[in-house]
Amino acid sequence: MPVSHDRRVFLASVLGAAASVAGLSGCAQSSAASTGAGASSAPLADKVPAGTRLKIASFQNQQQLLFELAKLPELPFTVSSWLNIGAGPDVINAFRAKSLDLANNAGIPPIQAHYQGFDAKIVAIDVTRKPNYVFATKPGSDIHTVADFKGRKLAFSQGQAQGVVLLRALKKAGLSYDDVRLVPLTSNQFLTALQSGQVDIAPLGNQQAPAYLQQYGQKGARTVTTDVVDLLNLLWAPVSVLDDRAKAAAVAAYIPQWAKGLVWQYEHPDVWNEEFYVKTQNLSPAQARGISALANKPLFPPRWDEAIAWEQETADLLAEGGFVKEFDVSSLFDHRFESLAAEAVPEEYRK
């Protein structure tokens, strides 16, 4: 597809910013990232060595709260810090700074990390079957369907789940990249951009939409729902962490607890609504119930074939738009951990 002048400017701004933040200076051509070299193939240790420590992401402190409420067994290693971090670009920067060892993201951040020359691997997969995002309009908008996105300004985060959901929605509606104006932002800028009219549309998580509509619904803001999903909810870690025998064992011990926690959250929505959404996010009980009603049943595949195929489709979609270069995503998966999540949960949560 020909690249217009506006599109070249857009790509330059996105890639230039990424290079500036991460200090890449050409390492997008890193041979380690392009080949997947460096990932340890050594068998996982049976026990976590004493003294092992991990730094784990916990956006809005959800993970500690979930482990506490679910009364899960104590982890066999020390969590030296829980980082309140969630956005893919922030996670990648934290990985680079060695201030983070393990994170929970969607499928697109590992692709973006690869493109930036940073070597990391996926170690656990939870498949999501229902949409986690809706498209919110700015106040006073006349947009009602994805077809109405044509010619509009759309908030776009190349390195986050919201970005690929937007691209998939455009493709399904038959719109090309040149039919819209993609405004490069990170997800934590979306609400401000909507409120100020900087963009016409932004993808918001199901958790964010109720509060936004409560504030701006009477001013003409609305949401556009689709059946577009972002299939992968995953755990991933830098290869430098996974090459460390002790830390790899700790990651392997963490995965079953992560899976069990998600199952507990799904099975106890009333408790989670009160303890998280109402008490920490200041949502009303009704708003919390609305979010939980949209929650995905956690599904942990014993094999990652579907996940790999989905990740390849996502990478190809980004490459088609000129956002990344084509590559084989199989290099992003560390199969030593493949069955651990599924083995930890009842059969109904295996897929």
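1. Asp178 sits in the loop that links helix H6 (161–172) to strand E7 (181–184); helices (H or I, at least four residues) and strands (E, at least two) are DSSP runs numbered from the N terminus. With 41% relative accessibility, Asp178 counts as partly exposed, a class between buried (under 20% relative accessible area) and exposed (over 50%), using a 1.4 Å probe and protein chains only. Its C-alpha atom is 9.1 Å from that of Lys150, 28 residues apart along the chain.

2. A friendly reminder on the basis: this is a predicted model, where local features need pLDDT of at least 70, side-chain atom pairs count only at pLDDT 80 or more, and totals for chains, interfaces and linings use all residues. Numbering starts from 1 along each chain as its sequence is written, and side-chain values use heavy atoms, without hydrogens and water.

3. Asn105 lies opposite Leu234 in E10.

4. Looking at the whole protein chain, you will find 14 helices and 10 strands. Of its 351 residues, 52% count as buried. Among contacts (heavy atoms within 4.5 Å) with a separation of 6 or more, 82% come from residues 24 or more positions apart.

Key: Pairing = 2+ DSSP bridges.
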